[in-house]
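Here is a report on one chain. It covers surface, fold, salt bridges and a pocket.

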Amino acid sequence: MAFTEKELREQEQALEAAKEEFSRLNAQFDGMVKDAGHSHADLRASLEEKRSPELDKLLEQAREEATRAGQARAAQTGAPLEPQTRNAGRGRPGAVRI
């Protein structure tokens, strides 16, 4: 199957949409950090500290929620969650198709 210009445009549009969403989420995160009265230096310092078991549990819950949200968004866009493993129509090298 040949890669078409239409598919390329669709992928470029999807990439631009993902970039805009990433930018929006970064701005939202920066606002949340500021509203909480922290700075990015505080966040970096907290990464070096030892975490409590309660915090580990909360982080795991947040990861699971983010994974579910990402899968739901991917399902809405129709993007495949896993790459396709078959190349349909691909034959052996040197073979002639009739």
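## Surface

Of the chain's 98 residues, 2% count as buried (under 20% relative accessible area; exposed is over 50%, partly exposed in between; 1.4 Å probe, protein chains only). The accessible surface is about 9600 Å², and 55% of this belongs to carbon and sulfur atoms. Areas come from the Shrake-Rupley method with a 1.4 Å probe; for residues, only the protein chains shown count as cover.

This is a predicted model: local features need pLDDT of at least 70, side-chain atom pairs count only at pLDDT 80 or more, and totals for chains, interfaces and linings use all residues. Residues are numbered from 1 along each chain as its sequence is written, and side-chain values use heavy atoms, leaving out hydrogens and water.

## Fold

The chain has three helices and zero strands, in the order α-α-α. Helices (H or I, at least four residues) and strands (E, at least two) are DSSP runs, numbered from the N terminus.

Helix α3 has 25 residues, which at 1.5 Å a residue should span 36 Å; its end C-alpha atoms are 36 Å apart, in agreement. The expected span is 1.5 Å times one less than the number of residues. Just after α3, Gly78 takes a positive phi of about 80°.

## Salt bridges

The structure holds five salt bridges (a side-chain nitrogen of Lys or Arg within 4 Å of a carboxyl oxygen of Asp or Glu). In α1 (residues 5-35), Lys19 and Glu16 lie three residues apart, about one turn. Their side chains meet at 3.8 Å, N to O. Lys19 is partly exposed at 47% relative accessibility, and Glu16 at 41%.

Helix α3 holds Arg63 and Glu60, also three residues apart and about one helical turn. Their closest N and O atoms are 3.7 Å apart. An α-helix has 3.6 residues a turn, so residues three or four places apart point the same way. Asp56 and Arg51 pair at 2.7 Å, N to O. Glu21, Arg24 and Arg73 are linked in a network of salt bridges.

## Second largest pocket

The second largest pocket has a volume of about 210 Å³. A pocket is an open set of points on a 1 Å grid over the protein atoms alone, where a 1.4 Å probe fits, with protein on both sides within 12 Å along at least five of seven lines; lining residues have an atom within 4 Å of a point. Points are joined across faces, edges and corners, and the volume is the space filled by probe spheres set on them.

Leu43, Ser46, Leu47, Glu49, Lys50, Arg51, Leu55 and Leu59 line the pocket. Helix α2 gives the most, with three residues.
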